[in-house]
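Q: Please take a close look at one part of this structure, the stretch that joins two neighbouring elements. Then set it in the context of the rest.

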Amino acid sequence: MRSGAEGAFPAVTGCRFYLDVPAHPGAVQHARRCIRSTLAAWQLCAIADDTELVISELLTNAVQAAAHAAAGVVLYVALDPDWLSVLVWDCCPEPPARPARTGDDAESGRGLEIVHAVSERWGTCNLEAGGKIVWAQLGVPGPAPASPLPSCERPRRVVEITGGSVCLMRASP
C-alpha cells in the first residue's frame with residue numbers, strides 16, 4: 001500500500017500488458033476493449049479514457065504504417081509508480097507524419113496533436129533491429145477518493161476538433 005493525503009490506497013504497479021496483432025484496422029478496436037478491462041483491473045479507471053485515446057491514435061498510425069508490409073503491430077503498456085507508459089511498435093522506420101497544418105474539415109492528421117494534448121510526454125525512437133516505437137506517458141493519479149471506483153464504461157472526456165485545433169472537455173455526468 002502507498003499512502004497519500006487522502007489515506008492509503010493500493011499500489012498496483014509493476015503491471016504489464018502486451019498485445020501483438022496484425023496491422024488491420026480492427027486491431028485498434030480490439031486493443032481499446034482490452035486496455036479498458038486491463039485498466040479496470042489495475043484500478044486506473046480515472047485515466048482509462050485518456051489512455052484509450054492515446055492507444056487509438058498511436059495504433060491507428062502504426063496500422064497505417066505497417067499495412068503495406070503485411071506485418072503486425074505491437075502494443076505494450078507498463079504501469080509504474082508514477083507513470084503509465086504506452087509503447088507501440090511497427091515495422092516502418094519512418095517517424096509518424098506530422099502535418100504542418102491540418103485543415104478545418106480534414107478527417108485525419110490530428111492524432112499526434114491529440115496524443116500531445118492528453119499525455120504528459122511522448123516521442124519516437126528507431127530500433128536497430130528494425131521499425132520504430134512511438135511512446136507516450138500518462139501520469140498515474142494519486143490516492144483514490146473514498147467513494148467506490150468509477151465505472152470505466154462511462155465517458156469521461158470528449159475530444160472536440162474545431163477550427164483545426166484539439167479541444168478537450170469533461171463530459172457531463
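A: Start with Gln43, in the loop between helix 1 and helix 2. The model is a predicted one. Gln43 is not a glycine, yet its phi is positive, at about 60°. Is Gln43 buried, exposed or partly exposed? Its relative accessibility is 37%, so Gln43 counts as partly exposed. The reasoning is simple: buried needs a value under 20%, and exposed needs one over 50%. Gln43 falls in between, at 37%.

Helix 1 covers 26-41, and helix 2 covers 48-66. Helix 1 and helix 2 pack with their axes 9 Å apart. The angle between them is about 155°. Helix 1 and helix 2 are therefore roughly antiparallel, because an angle over 145 degrees counts as such. Their crossing is right-handed.

Helix 2 and helix 3 pack at about 150°. Their axes lie 9 Å apart. That angle makes helix 2 roughly antiparallel to helix 3. The crossing here is left-handed, whereas that of helix 1 and helix 2 is right-handed.

Next, the core. The largest nonpolar core holds 37 residues. Trp42 is among the members that touch the most others, along with Leu58, Leu75, Val77, Leu84 and Val86. Which elements give two or more residues to this core? They are strand 3 (16-22), helix 1 (26-41), helix 2 (48-66), strand 4 (72-79), strand 5 (83-90), helix 3 (111-118) and strand 7 (132-139). Helix 2 gives the most, with eight residues.

Follow the chain past helix 2. The loop between helix 2 and strand 4 includes His68 and Ala69. His68 has a relative accessibility of 65%, so His68 counts as exposed. Ala69 has 39% and therefore counts as partly exposed. His68 and Ala23 are 45 residues apart along the chain, and their C-alpha atoms are separated by 9.0 Å. For Ala69 and Cys91, the sequence separation is 22 residues and the C-alpha distance is 7.8 Å.

A further loop runs between strand 5 and helix 3, and Pro96 lies in it. Pro96 counts as buried, because its relative accessibility is 16%. Its C-alpha is 10.0 Å from that of Ile133, which is 37 residues away in sequence.

Aromatic rings come next. How many aromatic pairs does a search of the whole structure find? The search finds zero. A ring does meet a charge, however: the charged end of Arg121 sits over the ring of Trp83. The distance to the ring centre is 4.0 Å.

Finally, the whole chain. The protein has three helices and nine strands. From the N terminus on, the order is β-β-β-α-α-β-β-α-β-β-β-β. The protein has 173 residues, and 39% of them count as buried. Pro96 counts as buried, whereas Gln43 counts as partly exposed.

Definitions and conventions: Residues numbered from 1 in each chain as written. Predicted model: local features only at pLDDT ≥ 70, side-chain atom pairs only at ≥ 80, totals over all residues. Heavy atoms only, no water. Core = buried A, V, L, I, M, F, W, Y, C linked by side-chain atoms within 4.5 Å. Buried < 20%, exposed > 50% of the residue type's maximum accessible area, 1.4 Å probe, protein only. Helix = DSSP H or I, 4+ residues; strand = E, 2+ residues; numbered from the N terminus. Phe/Tyr/Trp six-rings, centres within 6.5 Å; stacked < 30°, edge-to-face > 60°. Lys NZ or Arg CZ within 6 Å of the ring centre and 35° of its normal. Axes fitted to C-alpha atoms, helices over the stretch in contact; angles between N-to-C directions. Parallel < 35°, antiparallel > 145°, perpendicular 65-115°, else oblique. Left-handed = near helix turned anticlockwise from the far one by under 90°.
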